[in-house]
Amino acid sequence: MDELVNVEAVSRRFPLDNIPAHHPAHSFVSALSDASLRVSAGEFLAIAGPSGSGKTTLLNLIGCIDKPTSGRILVDGVDTSKLKPGSMSALRREKIGFVFQTFNLIPVFTAAENVEYPLLIQSVGSRERRKRVAEALDSVGLSARANQRPDLLSGGERQRVAVARAIVHRPALVLADEPTANLDTHNATQLIDLMHGLNRRLGLTFIFSTHDARLLEHTERIVRLTDGEVISDTTIQGGSRG
Amino acid sequence: MAKFLLLAFRNIFRNRRRTVMTLFMVGGGVAGLLLVGGFFARMFWGLREHTINGGLGHIQIFTVDHFNRDEVRALDTGIDNWRQVAASVKTGGHVRGVAPRIEFYGMVSNGDKSSVFMGTAVDPVAENGLGFFPTTFTSGHDLDSKSGGEVEALIGKGLAKSMNVKVGDGLTILSMTSDGALNGVDVEIVGIVDSGIAEMDARSLRITLPAAQRLLQSDRVTNLVVGLDKTENTDQVAAELAPRLRGLPQQLVLKKWIDLATYYKQVRSLMSTIFVFLGVIVFFMVLMSSVNTLLMTMFERTREIGTMLAMGTPRAWIVALFMLEATLIGILGALVGVLAGNLLGVLLNHSNLNLPPPPGFTVPMSFEVLHVPSLMVGSSLLVIVSLALASILPAIRASRLRIAEALAHV
């Protein structure tokens, strides 16, 4: 399979306080140390680890919403460390879909309008937008809730809208940061099943982070992080469905 | 674009209480400007019409010499062939009437006491033809052009008080003739006038044109006063009259009312400056309070902005969204203000409130406001622009948020 993401010896350190880097008292905290990872197109990959292990930092770096302190990341062959902010923004817009822990839907938009948003910022025509939004909502089973605003949807429904929003523009990669953290077990399992189904049916590449051991049963490949370091990268042949 | 506009519109109603407060503030500013501006406009209009119809006229015709040199003797810069000029002017459109006048000065005496007067000689019939405000008499009546007896005179109520005379009493007026000699005439007071301007009433004296010409021993007049059907036609009539005056033996010049209404111009200039100052205050009030509100809005939506940026929304779009939201609030606030300002204006106009007489006047001023469309547009633009400007700082801050930090914002 084609390589979609290549993380090469990436570290991310965050400065502590507001002391300049050249000052003797300058200190920093290391969120990610020398992490390497290769992800092929069509993979369904979980990044696991306890809180503070660097999962979100790694996803942010792969998703081009943060830059590594050292090392480099290639997304679809593009070295993101060399991109200017505008190009990073365009890369995210066109090639990456995001699912967030707290859903992060735009509260004044309906479910359909939220799903439509990534197409709006890509200036897709209105007819094409309507078609793709209908397809995306149908694929997450929420066609009937298209005109509801987020505050009238359940947590599970909101996250499914978020998934529809992440896939509507047909990205090469979907990143989900703790997508089940705010869901009960039933909705969490449903969501993982949904993402898995989309991965198989549409060939979408999913990388999601979790610290919930139960969800890892549904995943073919698990990368484990501890204290910012990759401690294991396990592939289970054929995956395991509970 | 429509969805973007929809997003901006819905966003401004996310916190309804805050939006309503902002609309009240913006609307209050617009309504305040409309009321003050409308009151000033009414005052300007009233002062303009009072100045013109109180005797100034819409246009006055003088000799060129009148402005080039001082009179050495009475009427030596006056108009010779004024009957011919008046007849020519009368034939023009929008002209209601033409009245000859002589401005002169001298001493008035009651036998015991003398005082300076500022005299005007008029043709009562021609003056009536101008269609100006009727003279306000505290007692007596207007001059009679056909009176065959003693010379009739109207005097201001201040001068009457000073001279201790009433209607029916006699006075002697003295003035220099066109030859430089001193001449005098006994006059009978037929009316006492209240012009509303105390300074004028303390010195004014009016007699008929033939009486003044006999006193000054000249057939000339100082000027011709032209009355029009509407003040708004002044420029048009002046433009039509100017070429007709050029072909006459004596060099004449016409002056529009605005050229002669010094007091009006001073009042207008002062009030306009005050209004601009008020506008600046409203502008900064809206600007400063809106910056705070919009910064608060930005802070509350930090994670949402982070999400939009993470999805690849161009940073310029975030700036545009915030500015659009502020502009929409400005437009809504302006609408509220225009409605409220006009409603309050109507209520005030029906309240019959009076203000004390302005400086130099003796009659109270009615508290009325005009509904001026240009003022509504100007005030609305002022608050819309101030809100758009107020949104620049929050908009730029929002667009510069670090995405990872914004997404972690609680």
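Two strands pair if DSSP finds at least two bridges between them, and the strands themselves are DSSP runs (E, at least two residues), just as helices are (H or I, at least four), all numbered from the N terminus. Before we use that, some housekeeping: this is a predicted model, where local features need pLDDT of at least 70, side-chain atom pairs count only at pLDDT 80 or more, and totals for chains, interfaces and linings use all residues. Residues are numbered from 1 along each chain as its sequence is written, while chains are lettered from A and ligands numbered from 1 in the order in which they are written.

Let's start in chain A, at strand β7(A). In β8(A), the residue Thr205(A) is the bridge partner of Leu173(A). Strand β8 (residues 205–210) of chain A runs parallel to β7(A), joined by five bridges. To get from β7(A) to β8(A), the chain passes through helix α6 (residues 185–202) of chain A, and this β-α-β crossover is right-handed (with the strands pointing away from the viewer, the path from the first strand over the helix to the second runs clockwise). β7(A) also pairs with strand β6 (residues 96–99) of chain A, again in the parallel sense, over four bridges; there, Phe98(A) has Leu175(A) as its bridge partner.

Why is β7(A) largely enclosed by the rest of the structure? Five of the five residues of this strand (residues 173–177) are buried, so that is how it ends up; buried means 20 or more other C-beta atoms within 10 Å of a residue's own, with C-beta atoms placed from the backbone. Leu173(A), Leu175(A) and Asp177(A) point one way, Val174(A) and Ala176(A) the other.

Leu175(A) turns up again around Ile62(A), which touches it along with Val5(A), Val7(A), Ile73(A), Val75(A) and Ile207(A), leaving aside residues up to four places away in sequence (contact is C-beta atoms, placed from the backbone, within 7 Å). Ile62(A), Ala164(A) and Ile207(A) have the most contacts inside the largest nonpolar core, which has 111 residues; such a core is a set of buried Ala, Val, Leu, Ile, Met, Phe, Trp, Tyr and Cys residues joined through C-beta atoms within 7 Å. Its top contributor is helix α2 (residues 16–56) of chain B, giving eleven residues.

As for the chains meeting, 16 residues of chain B are in contact with 18 residues of chain A. On the chain B side, α1 (2–11), α12 (302–310) and α16 (403–407) each give two or more residues.

Terms used: Contact = placed C-beta atoms within 7 Å. Buried ≥ 20, exposed ≤ 12 C-beta atoms within 10 Å, placed from the backbone.
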